[in-house]
Amino acid sequence: MKSRESLVRLKQFQVNEKRRQLQQLQMMMSEFERMTKDLESQIVVEEKKSGISDPNHFAYPTFAKAARQRADNLQVSIKELKMQEEALELALEEMQAEYARATALEERDSGARAARA
């Protein structure tokens, strides 16, 4: 049954692809978190240098303002990526279940062929 073997290989490929996508997403989130921490430490340094920590103050450092905005944007991106991660995890579970069913069918068919021989 070549079609069953092809189906099993297709399902295995789909599972591996979802895992790869999930891993890339997790790496991106960790990189964004690292970048956020770096920006926050730069903001603290800049605020100490200027002696002004109130972002609404007229003399608040422009760099700190820009870095704060970038850090906020990264936090929003991380939240969006977490939602994508949850959706990908669900899709991966479904793909794994489909792969398990396809594998079980293939094993059943190969067992039936062996019994006939």
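Select F13 to begin: F13 is exposed, with a relative accessible area of 54%. Here exposed means over 50% relative accessible area, buried under 20%, and partly exposed in between, with a 1.4 Å probe and protein chains only.

Before going on, note that this is a predicted model, in which local features need pLDDT of at least 70 and side-chain atom pairs count only at pLDDT 80 or more, while totals for chains, interfaces and linings use all residues. Residues are numbered from 1 along each chain as its sequence is written, and side-chain values use heavy atoms, with hydrogens and water left out.

**The whole chain**

The C-alpha trace spans about 85 × 15 × 15 Å along the principal axes. The radius of gyration is 25 Å, whereas a compact globule of 117 residues would have one near 13 Å. That radius is taken over C-alpha atoms, and the globule rule is 2.2 Å times the number of residues to the power 0.38. Of the 117 residues, 25% count as buried.

Select residues 2–50, which form helix 1 and include F13.

Is E46 buried or exposed? E46 is buried, with a relative accessible area of 19%. Show its neighbours: leaving aside residues up to four places away in sequence, E46 touches P61, F63 and A64. A contact means heavy atoms within 4.5 Å.

**The nonpolar core**

Now select F32, L39, I43, Y60 and L81. Of the 18 residues in the largest nonpolar core, these touch the most other members. Such a core is a set of buried Ala, Val, Leu, Ile, Met, Phe, Trp, Tyr and Cys residues joined through side-chain atoms within 4.5 Å. Helix 1 and helix 2 (62–116) each supply at least two residues of this core. Which helix gives the most to this core? Helix 2 does, with nine residues.

Stay on L81 and show what surrounds it. Not counting residues up to four places away in sequence, L81 touches L25, M28, M29 and F32.

**Contacts along the chain**

Of its contacts with a separation of 6 or more, 77% are between residues 24 or more positions apart.

Terms used. Helix = DSSP H or I, 4+ residues; strand = E, 2+ residues; numbered from the N terminus.
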